[in-house]
Every structure is written in structure tokens, then in C-alpha cells.
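Please look over the sequence and the model shown here.

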Amino acid sequence: MTNSIDLQHLLKRIEKATARLEEVANRKTEQKAQPASSSVGSSADAGSLAGDAGADSKTVTEYVAMVKPLVQKYVECSSKIGGVVSEQAHELEALFDAQIEFIRIAGLTKKPSSEQLPELISVQQEAIQKVIALKDNNRPSELFDNLSTVAEGVSAFGWVVVEPTPVPYINEMKDSAQFYSNRVLKKWRETDENQVEWVKAFLGIFRELAAYVKEFHTTGLTWNMRGEDVSTAVAALKGKKAATSATGNISAQVPPPPPPPAPTAAELSEAKVSNAAQPAADPPTSRSALFAQINKGNTVTSGLRHVDKTEMTHKNPCLRGTGTIKSSSQGDSSGSQDAQAKKATVAQKRPARMELQGTKWVVENYGTEHLTIEATETRQTVYMYNCKGTTLEVKNKLNSIAIDGCQKCGVVFDALVAQCEIVNCKSVQVQSRETVPSIQIDRTDGAHVFLSEAARDSTIITTAKASEVNVSYPFETQSIEDDNFVEQPIPEQLQTVVKDGKLVTTVLEHAG
């Protein structure tokens, strides 16, 4: 009895399995018989790369949900500020939209090669360059700190090509932007609440961006290992609709270019005449001559000559554009003349100027000259840019001094109300005759600060990404004859440990 029950149970299971197999077989037969037009209404409905095929993926929806509200808040605050700040915000918004599309495409295609990736991110690169260009083209603007904040932080959107740790890269770009955003807060905190909200919204973008990347793209942008070839993504970014096959898969086969027109009878006859007029080469003779030269041994290089330094392209950039190297008979004079002509052209493009624009003194593109500025109001400022070997003396008390992109320059001033800032400089010297509340040094290699006795105990010096920074100040001793300036370096090496759940940072000391 028990055996018959087991047998009946087994037969029922076999019947169910057979019915399931028949159902699957019938479904496949129906799909093959269905025409392509009925299975696919259009390329967009089939899931083209530029359409909604990846809109429902979690990586896209979470990116929009986490980051887009802050981007919209930032654009709204920028619109209230207006001007070039609003224009820069719309460029960043376009970059955000382009990155949404890029993440959607990454969820549908395989990972591209290093040759294909630049074409995929070209739209985002152009948007980033536009954001930075707005800052560079508006340096005299009163909102230059706002423009610099965005220009420094916008590179964080390049996390899509950073592997294997994109999150620290985003945080680093956020810190760079925060340097300028602190200046915005300092300037507008008491007078403009919208500027404070602007800073919070912009920095919040990168906070949420880092959280999103940490959750969904911890070691880099996630691609679809089973997706289509990346050529479909390239075609979609170019605005071409992705075609679909009868089964609904994505395909983007670009038709080959049309063949060249067939030659005419006159062209064929001319080609025959020219070929007949040319003497035929003697391959055996040429080959034997080649082996004869190779068999000379060490004397094969006797015909080579020494290349002079003036003929080396890596030491003479002016030779790269021509594609040819001049012979030694033309001498060093020709190379030096080309270099001098190029320097003269560059000099003409950037004329030196020193002028007062409202309350800002602008000093740009000077060489080894001694300049003097006499401030007439304490609210005036000085902006010194792209000078080499220049000495600037500022008389009377004024608001602030900014030194940007200068080399081997010296600035001497009486007194400042706010601060002296040194950014992107090399080998500069700054001296205060009276008081200066703050000196900020950022991304600078080589800076020497001379403090007066009045400023020695009250000046705050802040450094970031700076090296070779020394401070000199008068030091009093019991003997008046021994009084002198003392030079001390600002530490560059720091040591950080975790203590009681917190980071404790101290200056690294070398013993022995």
C-alpha cells in the first residue's frame, strides 16, 4: 500500500514538471514567431541608453534623491545672488544632469577601455572647464570668493574615473572649496543670510555625494558586466538613437562611411602614364646594399653626428610646433631668436598694469621692478597677480593684500585691517612695518614672513599645502646689543594618533 502511494506521488510530480516544460517551450515558440515590429515599438521604448532603460536602477534613483535637492537649493541661492554666480551655478547643474546620464549608461554597458573612456566623459569635462573658466575670467569681481569656492570643488564630480578610492578624492576637493567658502562666510555672515545658505547648500552637495559613492561605488564607478558593448554608449552620447534587435537587445551599429567615387577614365590613363615614367626599383640590389651597411660592425654609426642641445625638442619647446629640427649650420642664434620671439609674443598678450578699480588696486604681469602704492582709504585692497621678481611697497593703512601666482616677489606694507593672503606662489617675502591680524599661506612653495615688534605677538599665521615657510621677528634679550631678528620655520610634518576615540595631531619631532 505504501509503495502505491509513493508511486502516485511521483507520477504527479512528473506530470507537473512536464507541464512546466511544455509551457516554457510554447512561450519560446511564440517569441520567435512574433515580428520585430510588434515586439519593439521604438528604440526609445526598447531601452536606448539615452532613454529611461536605466532610470529605475537603484544607483540612479538614489543619486537623484540624495544629491539633486541640494543642487537645486544651491542653484536657487545662486539665482538670488545673480550675475556670474548664477551663470556658474547653471553650468554646474548641467554637469550634474550629464553625470546622471553617465551613471545610467554605466548600468547598461560593460566597462570601457582607457581609449573609450575620454569620449564618454567629454560632456562632463567640458562642463567642468566652463565652471573654472568663469572664475578665471572674473578675477576683479566682488564675488570672486564665491566663484573660487565652486571652481575648487567642482572637480569632485570627476570621481567617476577615480579608482579604487573615490570617496577620499571627493573629500579632498571639498576641503579645497572650504578654504574659499570660509572667506565667503567671514565676509557675508552678518549682512547676507542667503550667502550663508549658499555655502551650506554647496558644501552639502559633496557631503551627500561622498555618502552616495561610499554606498554604491566604494571602489569606483560600477559597470554592468553583462551589459552591452560600450560603443552603444558612445552613440547615445552623440545623440544617436540606439537601435534594437528582434529580441529587444541594444545594438548601435553605425553604418560605414560611403565609398569614394570611382575614378574616371582620364584619371586612370594619367595614373598609367605616371607609373610607366617612374623607373622600377631593384629590390635585390637595395636589399644587398642594406645588409652590406649592417655588416660594417661598429663603423655603421660613423656617419651619425652629435645632436646639440639647441636641437633637442625636449629642451626647446619652440621646435615642437615646426616638426623639423634646424641644422647646426644655422647655429644657436636661430634657436635663441625663436625663443625670444615667443617670449615677446607672450609678453604682448599680457601687458603689465597697475590701476585702482573702485577700492581695489590691481597689480599684474610685472617683472623686476620696484612699485609703490599709497593707500588713501583703509577700505582699499591690493591684488597682486602673475608678477616675477617684483618688489611692491604699500604705504599707509589699508584693508587687505592678496598675492596670487607670483614668483620671487617681495611685498612691504605698513598695516592691514584684515589679512595678507599668499596663494599659488613660489619664493615670496612679506614684511609688515606695523600690525597685521592674519596671514594666510596656501599652496605656496617658499615664503618668508617678517613681523614687526608690534605684530609679533598678535599675528595669526595659517598655512595649507605650503612648504618652506619661515617667520622672522625681533627678539628681546637682557643685553640690548644682542637683540636681533630670529628666524623660525613653520613645521611641515605632523603626527596623528587616535586617542580616546579622537584624532590627536602633534608636530613631528626628530631626535638625535
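## The largest pocket

The lining of the largest pocket has 11 nonpolar, 10 polar and 13 charged residues. Here Ala, Val, Leu, Ile, Met, Phe, Trp, Tyr, Cys and Pro count as nonpolar, Asp, Glu, Lys and Arg as charged, and the others, Gly among them, as polar. The pocket's volume is about 890 Å³. Of its 34 lining residues, Asp145, Arg183, Ser400, Ala402 and Glu421 are the closest to the centre. On a 1 Å grid over the protein atoms alone, a pocket is an open set of points where a 1.4 Å probe fits, with protein on both sides within 12 Å along at least five of seven lines; lining residues have an atom within 4 Å of a point. Grid points are joined across faces, edges and corners, and the volume is the space filled by probe spheres set on them.

Five elements each supply at least two lining residues: α7, α8, β6 (381-385), β8 (400-404) and β10 (419-423). β8 gives the largest share, with 5 residues. Helices (H or I, at least four residues) and strands (E, at least two) are DSSP runs, numbered from the N terminus.

## Basis of the model

This is a predicted model, in which local features need pLDDT of at least 70 and side-chain atom pairs count only at pLDDT 80 or more, while totals for chains, interfaces and linings use all residues. Residues are numbered from 1 along each chain as its sequence is written, and side-chain values use heavy atoms, with hydrogens and water left out.

## The chain overall

The chain holds 13 helices and 18 strands. Of its 512 residues, 35% are buried. Buried means under 20% relative accessible area, exposed over 50%, and partly exposed in between (1.4 Å probe, protein chains only). Take the contacts between residues at least 6 apart in sequence: 38% of them join residues at least 24 apart. Contact means heavy atoms within 4.5 Å.

β10 is largely enclosed by the rest of the structure, because 5 of its 5 residues are buried. Gln419, Glu421 and Val423 point one way from β10. Cys420 and Ile422 point the other way.

β10 runs parallel to β8, and 4 bridges join them. Ala402 stands opposite Glu421 in this pairing. β10 also pairs with β12 in the parallel sense, over 5 bridges. There, Gln419 has Ser438 of β12 as its bridge partner. Two strands count as paired if DSSP finds at least two bridges between them.

## Two nonpolar cores

The largest nonpolar core has 57 residues. Tyr63, Tyr74, Phe157, Trp159 and Phe202 have the most contacts inside this core. The elements giving two or more residues to this core are α3 (58-81), α4 (83-106), α6 (122-136), α7 (144-153), α8 (166-188) and α9 (193-216). α9 gives the most, with 13 residues. A nonpolar core is a set of buried Ala, Val, Leu, Ile, Met, Phe, Trp, Tyr and Cys residues joined through side-chain atoms within 4.5 Å.

What does Tyr63 contact, leaving aside its neighbours within four places in sequence? Tyr63 is in contact with Lys68, Phe96, Gln99, Ile100, Ile103, Phe157, Leu209 and Tyr212. A second, separate core has 34 residues, including Tyr366, Cys420, Val428 and Leu451.

## Backbone details in loops

The peptide bond from Glu163 to Pro164 is cis, with omega near 0 degrees. Pro164 sits in the loop between α7 and α8.

Arg443 is a residue other than glycine with a positive phi, near 50 degrees. Its loop lies between β12 (438-442) and β13 (445-450). Arg443 is partly exposed, at 24% relative accessible area. Lys465 also has a positive phi, near 55 degrees. Lys465 lies in the loop between β14 (460-464) and β15, and is exposed, at 54%.

Is Ser467 buried or exposed? Ser467 counts as buried because its relative accessibility is 18%. Ser467 is found in strand β15 (residues 467-475). Not counting residues up to four places away in sequence, Ser467 touches Thr444, Asp445, Gly446, Ala447 and Glu492.

β17 (residues 494-499) and β18 (residues 502-507) pair in the antiparallel sense over 6 bridges. Thr496 has Thr505 of β18 as its bridge partner. The hairpin has 2 residues between the strands, and Asp500 takes a positive phi near 55 degrees.
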